[in-house]
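Please look through the sequence and the three-dimensional model below before reading on.

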Amino acid sequence: TCFKDITSNALRPNRNNNIFLNTDLENQFKAFREKAADAMPGSDWTPFEKNSSLPPERADIVIVGGGVVGWSIAYWLKQKEMIRDGVRVLVVERDPTYSQASTVLSAGGIRQQFSLPENIHLSMASADFMRNINEHLSVLNDDPVDLQFNHSGYLFLASEKVAHIMEENYSTQRYAGAKVSLLSPTQLKEKCPWINTDGVVLASYGLENEGWFDPWMLLNAFRRKAISMGVYQCFGEVTGFSYTTNTMTTAEGDKVDFRRIKYANVQMPNSLEYQPVECAIVVNAAGALSGKVAEMMGIGLGPKDTISGIPLPVEPRKRFIYVVHCPNGPGLDTPFLVDYSGVYFRREGLGGNYIAGMSPEEEEEPETNNLEVDHQFFQNIWPHLAHRVPAFECLKVKSAWAGFYDYNTFDQNGIVGMHPLVNNMFFATGFSGHGLQHSPAIGRAMAELILDGGFKTLDLSAFSFKRIMTKEPILERNIV
């Protein structure tokens, strides 16, 4: 073998090295303000807060978490408001550099090949949004948004053991309107002559609305547009809430506490200073940290046999992504391939680079107290890569990075909606790796739930907290 591991000095790939520092953000906002002033002579209106160090003292809606889901919700809330500044929205993000944000550390994929209709429809709606992104997120007098959307599709491979699941998923996907095709091993070899079909009984390929894009571009497009619409942003950390409590007694004589948030306390970075923000609604979109945010309201801290004792089952899970170089690899038309072994890879750029990864076994989950990469873990991935694509027998690991999933330990699907005992805290979390690709549709659904009182375009009621209370998980039927 000619596998070479040079990861001792590993760096994240270049596409993630453009993360702005605080000064870069301020410079960017300054340039935006100047462009807005040029476009509207005689007006002193600006869509940007000139002093962003402190949050406002009051907001109608505080969104905890400035990742792509949080900013999508902020955008859709402003999109749905009836009059300008009718809804005051604040987004609080703890990491001003976004260097540890799950959004920008993901593989950037989008697919329709799920087994749950809700997830399929979320992907289809989000893909449509991304295809027409400049109809939604363009900003006056600024450059068009380019997501660098690569429409090469997802290619799932199934062994004999799981081929029946792929067939059933295919029927569900087609019924939902997704364009997916099943391939025999012979057809697969014709489409991808570089692949080894050993052990493959069936393959599923997404014909449209699938592929990958630049996560940072989507996040920044949502953020830039939302700010231009009047959304406030603050770089700080929500460290607690002030709330009122109403105690009720059930017919059985049990006491139940219902809480309502009055203030969100925002701690400033590198400072003892904090700002209490009076608010009507809090959206918990804190991703991998959303479980801790829920605990600040006592969620999961009550007696185990009560609703208040049921935690938000979301925790961080660390995943590694490796960048490898193989000049004789599959080529430009390579899809996002997912093998039944659990290994995945896709092309990265045009220079013979690919990114690859695999989820570890449950008992091998890495520690989540840092974002260090376990370079030895690639030894678990490479044999599967080399078996499926013989050209990968000779490759070089160029770099690697790690990121967090907001992993829902209950059923690995999103938790969307209000908590039954905290009647002004809404959840948009626990997507377990699907949050980025579903963020446009999730944001719209959350805005409908908050402002309209219910889902209008996509019914996501199956993802409510109620299923956790009733212990009724909704699980994806995966082939890996």
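Thr429 is buried, with a relative accessible area of 0%, where buried means under 20% relative accessible area, exposed means over 50%, and partly exposed lies in between (1.4 Å probe, protein chains only). This is a predicted model, in which local features need pLDDT of at least 70 and side-chain atom pairs count only at pLDDT 80 or more, while totals for chains, interfaces and linings use all residues. Residues are numbered from 1 along each chain as its sequence is written, and side-chain values use heavy atoms, with hydrogens and water left out.

Thr429 belongs to strand β19, which covers residues 425-429; strands here are DSSP runs of E with at least two residues, helices are runs of H or I with at least four, and both are numbered from the N terminus. Not counting residues up to four places away in sequence, Thr429 touches Asn284, Gly287, Ser290, Leu312, Val314, Asp406, Gly414 and Ile415, a contact being heavy atoms within 4.5 Å.

Ser123 sits in helix α3 (residues 117-131), and it is buried as well, with a relative accessible area of 0%. Once its neighbours within four places in sequence are set aside, Ser123 is in contact with Ile110, Arg111, Gln112, Phe114, Gln437 and His438. Although Ser123 and His434 are 311 residues apart along the chain, their C-alpha atoms are separated by 9.1 Å.

The side chains of these two residues also reach polar partners, as the table lists. A polar contact is a pair of N or O atoms within 3.5 Å; within protein, one must be able to donate a hydrogen and the other to accept it, and residues adjacent in sequence count only if both atoms are side-chain atoms.

| Side chain | Partner | Distance |
|---|---|---|
| Ser123 | side chain of His438 | 2.8 Å |

**Strands in sequence**

Strand β10 (residues 237-249) and strand β11 (residues 255-267) pair in the antiparallel sense over twelve bridges, and two strands are said to pair if DSSP finds at least two bridges between them. Ser242 stands opposite Tyr263 in β11. The hairpin formed by β10 and β11 has five residues between the strands, and Gly253 in its turn has a positive phi of about 90°.

β11 is also joined by five bridges to strand β12 (residues 274-284), and these two run antiparallel. Here Ala264 has Val277 of β12 as its bridge partner. β11 and β12 form a hairpin with six residues between them, in whose turn Asn270 has a positive phi of about 55°.

**Nonpolar cores and cysteines**

A nonpolar core is a set of buried Ala, Val, Leu, Ile, Met, Phe, Trp, Tyr and Cys residues joined through side-chain atoms within 4.5 Å. The largest one holds 111 residues, of which Ile63, Trp71 and Val283 touch the most other members. Apart from it lies another core of 30 residues, including Phe241, Ala264, Met268 and Val314.

Cys234 counts as buried because its relative accessibility is 1%, and Cys279 counts as buried because its value is 9%. With a disulfide defined as a pair of cysteine sulfur atoms within 2.5 Å, the count comes to zero disulfides.

**Confidence**

The protein averages a pLDDT of 90, and 89% of the residues score at least 70, pLDDT being the predictor's confidence in each residue, from 0 to 100. Over residues 3-22, however, pLDDT stays under 50, and the model has 54 contacts beyond four places in sequence for them. Over residues 39-51 pLDDT also stays under 50, with 17 such contacts.
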